[in-house]
Amino acid sequence: MTHPQDPSLDSYDSLDPLDAFTAPDSLDDVHDPRFQAEVPVKRARRGPENPERLYILTGEDSERAPLDLVTLIVAKGEPSPTAQPEHSAVLRLCRTPLSVAELSAYLVLPVSVVTVVLTELLAADLVQARAPLVRSALPDRSLLEAVMHGLQKL
Amino acid sequence: MDFKSSDTLTSGMLSGPREQDVLPATAAAAVKIVIVGGFGVGKTTMVGSVSEIRPLTTEETMTEAGIGVDDDYGSETKTATTVAMDFGRISISEELVLYLFGTPGQERFWFLWNGLFEGALGAVVLIDTRRLEVSFDVIGRLEERGVPFIIAVNDFPDAPRHPVEALRTALDLEKEVPIVHCDARRRTSSRDALLTLMRYLHSLAMARA
């Protein structure tokens with residue numbers, strides 16, 4: 001199964017990442033046998049008559065540390081022989097930085113359970129948590145540029 | 001809480017990152033991008049094609065009560081549903097790591113990973129033109145949450161191709177929201193979709209500055 005090379009994709013390689021973004025308009029290939037000018041379905045925006053369902057979460061659970069899926073966890077030391085198996089497992093895995101999501105995958109435990117274990121380890125000062133860099137209301141162009149440059153190296 | 005894998009934890013069978021998947025000790029912070037779309041639209045394929053690690057899976061379990069299904073018969077039986085989310089990783093630098101989460105399109109599952117979208121740089125909505133309607137709910141939720149997103153049309157060989165503006169109209173998108181084609185199987189194509197999102201985010205940041 002071959003895929004026709006779409007020049008509109010690879011032309012990105014040569015673009016300066018800091019060029020102002022322009023939405024590509026070269027996708028309309030009327031010579032493509034799959035071309036259909038009409039789209040048969042249409043999304044209806046949610047309005048007041050179509051309110052979103054609300055899930056009432058318990059908010060910040062006071063018994064759990066505020067850990068993100070991508071908070072990086074690093075062990076501060078080796079597990080003691082008497083440590084609980086879950087604690088030992090986390091400390092062994094986190095000799096080098098590992099995200100909460102990766103811990104969940106390797107431990108085959110839900111993130112919610114891993115978070116409880118990590119809360120205990122944080123309270124005992126056995127691990128360090130490196131908080132993620134999050135998108136904030138204020139523009140952080142240097143962060144975005146760093147990610148762009150990293151992706152271009154792929 | 002049932003630690004079903006305690007045997008695994010104590011038996012020494014615990015898996016961990018392969019040697020080549022270990023992050024350097026200098027890794028100081030991470031960012032995340034969410035790839036969202038309906039079942040079978042290619043989220044896992046996209047995560048896998050750009051990830052430097054073999055994609056991993058995190059699972060959460062929910063009961064019927066959590067899904068919001070009313071039991072007409074007053075039965076106390078609850079059915080547990082396991083919902084999986086695949087993710088991958090790209091090292092941006094010695095200090096910065098990017099995680100990609102391929103998230104089920106059904107919004108009712110999103111709360112399982114509390115904070116999945118909070119702080120995310122943005123989202124790639126992966127669509128299949130044969131089943132455009134499965135993305136409607138996702139797009140509405142992202143708009144409500146104020147999560148910036150782009151549309152990536154996963155270019156299935158037998159999927160109809162529509163003019164971009166027809167897609168924009170059908171999806172009821174603002175004119176600045178980028179729409180790109182991609183082949184989620186191709187590393188460079190998936191990478192370019194992510195770069196399109198990053199350039200869009202950059203343009204939004206410039207506009208706010």
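Mentor: Two residues count as being in contact if their C-beta atoms, placed from the backbone, lie within 7 Å. Please keep in mind that the model before us is predicted.

Trainee: Are H2(A) and H4(A) roughly parallel or roughly perpendicular to each other?

Mentor: The two axes cross at roughly 80 degrees. Angles of 65 to 115 degrees count as roughly perpendicular. The relation of H2(A) to H4(A) is therefore roughly perpendicular.

Trainee: Which are the edge strands of the open sheet in chain B?

Mentor: The sheet has 7 strands with mixed pairing, in the order E2-E3-E4-E1-E5-E6-E7. From one strand to the next, the twist averages 30 degrees. An edge strand pairs on one side only, and in chain B this applies to strand E2 (56-62) and strand E7 (179-182).

Trainee: In E7(B), which residue is the bridge partner of Asn154(B)?

Mentor: Strand E6 (residues 149-154) of chain B runs parallel to E7(B), and 4 bridges join them. Within E7(B), the partner of Asn154(B) is Cys182(B).

Trainee: Which helix gives the largest share of the side of chain B that touches chain A?

Mentor: In total, 80 residues of chain B are in contact with 68 residues of chain A. By class, the side belonging to chain B has 48 nonpolar, 19 polar and 13 charged residues. The largest share of that side, 14 residues, comes from helix H6 (residues 187-208) of chain B.

Trainee: Within what arc do the buried residues of H5(B) fall?

Mentor: In helix H5 (residues 164-171) of chain B, Val164(B), Leu167(B) and Leu171(B) are buried. Seen down the axis of H5(B), these buried residues line one face of the helix, because they fall within an arc of 60 degrees.

Trainee: Against which elements of chain B do the buried residues of H5(B) pack?

Mentor: The residues concerned are Val164(B), Leu167(B) and Leu171(B). In chain B they pack against helix H4 (136-145), E6 and E7.

Conventions: Residues are numbered from 1 along each chain as its sequence is written. Chains are lettered from A and ligands numbered from 1 in the order in which they are written. This is a predicted model: local features need pLDDT of at least 70, side-chain atom pairs count only at pLDDT 80 or more; totals for chains, interfaces and linings use all residues. Axes are lines fitted to C-alpha atoms, for helices over the stretch in contact, and angles run from 0 to 180 degrees between N-to-C directions. Helices (H or I, at least four residues) and strands (E, at least two) are DSSP runs, numbered from the N terminus. Angles under 35 degrees count as roughly parallel, over 145 as roughly antiparallel, 65 to 115 as roughly perpendicular and the rest as oblique. Two strands pair if DSSP finds at least two bridges between them. Ala, Val, Leu, Ile, Met, Phe, Trp, Tyr, Cys and Pro count as nonpolar, Asp, Glu, Lys and Arg as charged, and the others, Gly among them, as polar. A residue is buried if 20 or more other C-beta atoms lie within 10 Å of its own, exposed if 12 or fewer, and partly exposed in between; C-beta atoms are placed from the backbone. The arc is that of the directions from the helix axis to the C-beta atoms.
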